[in-house]
Amino acid sequence: MAPQLTGAPGSAAAAGGAAAVKPQFHHYHHHRLPARHNHHPSLLSKLAFWSVCSLSLLLAFLLLSPSASAPASRASDSPRRSLHASPATAAYGGAAWEKKVRASARVRRAPGAGRAGLSVLVTGAAGFVGCHAAAALRRRGDGVLGLDNFNDYYDPALKRGRAALLARAGVYVIDGDIADADLLAKLFDVVPFTHVLHLAAQAGVRHALVDPMSYVRANVAGLVALLEAARAADPQPAIVWASSSSVYGLNSHVPFSEHDRTDRPASLYAATKKAGEEIAHVYNHIYGLSLTALRFFTVYGPWGRPDMAYFFFTRDILAGRPITVYESSGGGAHQTTISRDFTYIDDIVKGCIGALDTAGKSTGSGGKKRGPAPFRTYNLGNTSPVPVTQLVDLLEKMLKVKAERRIVKMPRNGDVPYTHANISLAQRELGYRPSTDLQTGLKKFVRWYLEYYNPELAVKQKQHGSSNGKASRGQNGSRSSAR
């Protein structure tokens, strides 16, 4: 049986990815040509003049083009590597590699278990949701193959730790890029996947202000590469993929419903996810791919992402550093404190598996559509928005440390003040029933965080909790005997 991902402590450095370094851009200035005294230039002179201008523009374009820049100079200027490609992508191909891929994707569910086992390609398998979903699928006997490029948007060691847990469960995570068309074609050639759970993406709202192209490469080009590979596969798999609650953008109607407008994104991240939903519709319409989009609402829990507020609040509170809490600058019907529909990871995973289990088959063959195929969109949230200030209150109580809060107005960085999911459609069609409240989920996260990053403090808190429990039981006992 595969291990649970809610524990498994290990050693790790302090959380947080490398700081982004702004790329250096070179500006080329074209000097004005001296005035010509000949007001009737010859045809040859005109041709020469425009030829020089055209060549100058072409050279400027080539020099300024990112694809023409020297990789060596870029690597020396910035400690970050490209977020869409691993620097040490493992070579793929060969009998041994194919054997490993097939073994990981082989269904292990016993016959007569009530439902045929799935063979699932999980992209972003070393990510937060990906590792939990892959482990859950493996625990019930499905075949699972992972794919991840282990980029350094945040600490790759955390991703390697998740992949190590999956490896112990029998899930092979290939070090490769979602936009690598040759790799994807090879995978679909080696394994007849029944389903794809596509979770690979460039996440985060604010990072788009620093590296916008990484969102286009991963969330748009990467999705298209996957859909191209899937539509050409035989058989075509059903695809369940992660959109985002961010697509609701500036929508003010709450709770957010799948029928609400999503044409006013507040961030580039949201815009790429919305573009993904439209692209998915095209592949469903033309090629008969079965596609299900899941709009996640603020997922949290053990093995989470260090760029999320609950994670870096925990880190900074323990380190004695001040934390910044945003409040909305607009009035309206909502409170000024920023609120989020925090959804525990186990509930999200149940929604992912429900979507996989209910996904109808793709109807294409040889890249041609044979009939209509399912096209679905669901919200996966908790339906109980909580102010971020209350999140901090809970963390203070669990960490036994008072936070130094800095309350500031929310800047225009792509964040929205309020999220609230209407999950009635997912409840009705997927059997989705979130069951973990924020206090229960945060306790599990804090326990994991301390065991992973600060095991000594975790031991002290356990001992303190144990002694408090004994004292409480003793007091209850004395009161009972007195009565």
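This is a predicted model: local features need pLDDT of at least 70, side-chain atom pairs count only at pLDDT 80 or more; totals for chains, interfaces and linings use all residues.
Biologist: Hi! Where in the chain does N382 lie?
Modeller: Residues are numbered from 1 along each chain as its sequence is written, and side-chain values use heavy atoms, leaving out hydrogens and water. Helices (H or I, at least four residues) and strands (E, at least two) are DSSP runs numbered from the N terminus. N382 lies in the loop between strand 13 (375-380) and strand 14 (386-387).

Biologist: Is N382 buried or exposed?
Modeller: Buried means under 20% relative accessible area, exposed over 50%, and partly exposed in between (1.4 Å probe, protein chains only). Because its relative accessibility is 11%, N382 counts as buried.

Biologist: Which residues is N382 in contact with, leaving aside its neighbours within four places in sequence?
Modeller: Contact here means heavy atoms within 4.5 Å. With those neighbours left aside, N382 is in contact with D341, F342, T343, D347, P434 and T436.

Biologist: Which helix gives the most to the lining of the largest cavity?
Modeller: A cavity is a set of points on a 1 Å grid over the protein atoms alone where a 1.4 Å probe fits but cannot get out, and lining residues have an atom within 4 Å of a point. Here the lining consists of H198, A200, A201, A218, N219, L223, W241, A242 and K273. The elements giving two or more residues to this lining are strand 5 (238-242) and helix 7 (212-232). With three residues, the one that gives the most is helix 7.

Biologist: How much space lies in the largest cavity?
Modeller: The structure holds one cavity of 30 Å³ or more. A volume is the space filled by probe spheres set on the grid points, which are joined across faces, edges and corners. For the largest cavity, that space is about 50 Å³.

Biologist: What is the C-alpha to C-alpha distance between G276 and A293?
Modeller: G276 lies in helix 8 (residues 268-287) and is buried because its relative accessible area is 0%. G276 and A293 are 17 residues apart in sequence, and the distance in space is 9.2 Å.

Biologist: And what separates the C-alpha atoms of A163 and V173?
Modeller: A163 sits in helix 5 (residues 156-168) and is buried, with a relative accessible area of 12%. Leaving aside neighbours within four places in sequence, A163 is in contact with F150 and V173. A163 and V173 are ten residues apart along the chain, and their C-alpha atoms are separated by 6.5 Å.

Biologist: Last one: what share of the chain counts as buried?
Modeller: The secondary structure of the chain comes to 14 helices and 15 strands. Of its 483 residues, the share that counts as buried is 48%.

Methods: On a 1 Å grid over the protein atoms alone, a cavity is a set of points where a 1.4 Å probe fits but cannot get out, and a pocket is an open set with protein on both sides within 12 Å along at least five of seven lines; lining residues have an atom within 4 Å of a point.
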